[in-house]
Every structure is written in C-alpha cells, then in structure tokens.
Amino acid sequence: APAPANDQSLWEKSTLNRILKRGELRVGLEAGYMPFEMLDKKGNIIGFDVDLARLMAKTMGVKLTLVNTQWDGIIPALLTDKFDILMGGMTITAERNLQVNFADPYIVIGQSVLLNRAHEDKVTTYSQLDDPRYTIATKLGTTGDIAARRFMPRARIRSFESEAEAMIEVRSGRADAFVYDLPYNVVYAARFPDAAVHLKEPFTREPLGWAVRKGDPDFLNWLNNFLRQIRDEGVYDALYRKWFEN
Ligand code: ARG
C-alpha cells in the first residue's frame, strides 16, 4: 500500500503539538551564563535567552516555564523530556548534532580569554598561553573547555562546574586564565574591572542554536520561521541591543 500523503501521527507526536495542548512551553537553560541567562537581585532568571523564550511562548499563546539545569547534563535532560527546548547559548557542533537537532543559529560568538591581572601586558594573545607554565580554567562540558585543550595543549587545564568557580581560581592566581564565550567575558570584565584583563580578540567562530530532540521536523520548522520573523520585524535587534550594547 502507498504511504499516506500526510502522516498525521508525526504531528501528533511533535513537541510543538504537545506544547500547544499542554498550554506550556518548558525551556531548559543554565543561569550564570551572562548576558544570556543570569540571576537578578531577586533571584529571577533574566537575559537574552529568557526574553527570546518569553517571546516564543507569547507567540505560541502558552505560558513559559524555565527549567534551570546544570550544563554538564543539559543534553541528557533534553533527551529525557525534562523540558521541550534548550535555549542556553549552546554552540552548534557536529558532535552534539549527533544527539540533538539545532534550529538555525541565533547569534555567532567566539572564545576569548579572561586573564589574571598579574599577566597584564605580558600575555597579549591566547596563543601565548600554550605553555606548561600556565594553568587554564574552563567550564566543564563547554566549547571553551574543548578550545583550551585544542589551542593550549601544553598548558594545564582545570575544568569547573560553574563560571563563577573558574573565575575565583583566576582571581586568586590559582589559574592564569579562563577560556569562555566572549559575551560572558565582556560582561564579566565590565562588572569587575579590577578582577581580570579581557583579551578581546576571539579565537574561534561559534554559532549558537536552540536544541531540540531528533525526529521532530514540525517543531524545527516552526522555530526557524519564528526566528526569521522576529529578525524581519526588528524585535530580535531590539533585544540584541538591550543585552549586548550597553
Ligand atoms: N557556548 C558554549 C557551549 O556551547 C557555552 C554555553 C554555556 N551556556 C550556559 N547556559 N551555561 O559549550
């Protein structure tokens, strides 16, 4: 028998359909990654990703629930349906793409270096850190950790659960530098001008994308068109300026 022209069961199972029926969009992220997601003084999660998630839920006509999840374990959480979509500034990589699908990139960033103050003017570029004298702090499970091991193979690499822990090491001198996404480093350097020196030149190119479970073309199609629409309408630009240009 010929396959049915329109496989309705695919849509029945789609995460998008389940979100609409439930009346709730559950977004996985990890607060601490400035300015994409971070805690304000009252303990609310705010940031670029949060505003995009809010806009997404509003467009779907459903309520938004944020599911704060440790980064090292955030893909397993998506795969076991702890939330519907991961909006946590995740770099699109071929390795991750074996496990999850990505919508089109919503921003492109790169890795940069936050340097212990003692090295100011002596270390001026990331490649100088490829030296056994140096200890590099990274965040577990991030592309910063991968980049440090790749570009600074001779340095000692120490991975931490959170950005904050890694930066405590840099500030105390137990680590010489932190390798992480440039937007985070920009905000950190602005907030704590005496704490570290930012080597602003990015040394990787990384598109960030929203991740969803595999086998769900309907959700992916909606996400890409939502992203295109908010770009066309100028809403994306307004949010970008709010979080990245002040
Ligand atoms: N872009 C980097 C990566 O994909 C870091 C993202 C960290 N995001 C977070 N919510 N903590 O590995």
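**Stop 1: the salt bridge across the interface**

Across the interface of domain 1 and domain 2 there is 1 salt bridge (a Lys or Arg side-chain nitrogen within 4 Å of an Asp or Glu carboxyl oxygen). To see a salt bridge, select Glu 30 and Lys 139: their closest N and O atoms are 2.6 Å apart. This is a predicted model, in which local features need pLDDT of at least 70, side-chain atom pairs count only at pLDDT 80 or more, and totals for chains, interfaces and linings use all residues. Residues are numbered from 1 along each chain as its sequence is written, and side-chain values use heavy atoms, with hydrogens and water left out.

**Stop 2: the two domains**

Colour 8–108 + 206–244 as domain 1 and 111–199 as domain 2. These bounds come from an automatic or database domain assignment. The C-alpha centres of the two domains lie 27 Å apart.

**Stop 3: the interface**

Together the domains bury about 1200 Å², with 55% of it on carbon and sulfur atoms. Buried area here is the accessible area, with a 1.4 Å probe, that two parts lose on being put together, summed over both. Now show Tyr 33, Met 34 and Glu 206. They supply 42% of the area domain 1 buries against domain 2, more than any other three residues.

**Stop 4: the ligand**

- Glu 30: a side-chain N or O atom is 2.7 Å from a ligand nitrogen.
- Thr 91: a polar backbone atom is 2.8 Å from a ligand oxygen.
- Asp 181: a side-chain N or O atom is 2.7 Å from a ligand nitrogen.

Finally, show the ligand surface. The protein covers 100% of the 350 Å² of accessible area that the ligand has on its own (Shrake-Rupley method, 1.4 Å probe).

Methods
Polar contact = N/O pair within 3.5 Å; in protein donor to acceptor, adjacent residues only side chain to side chain.
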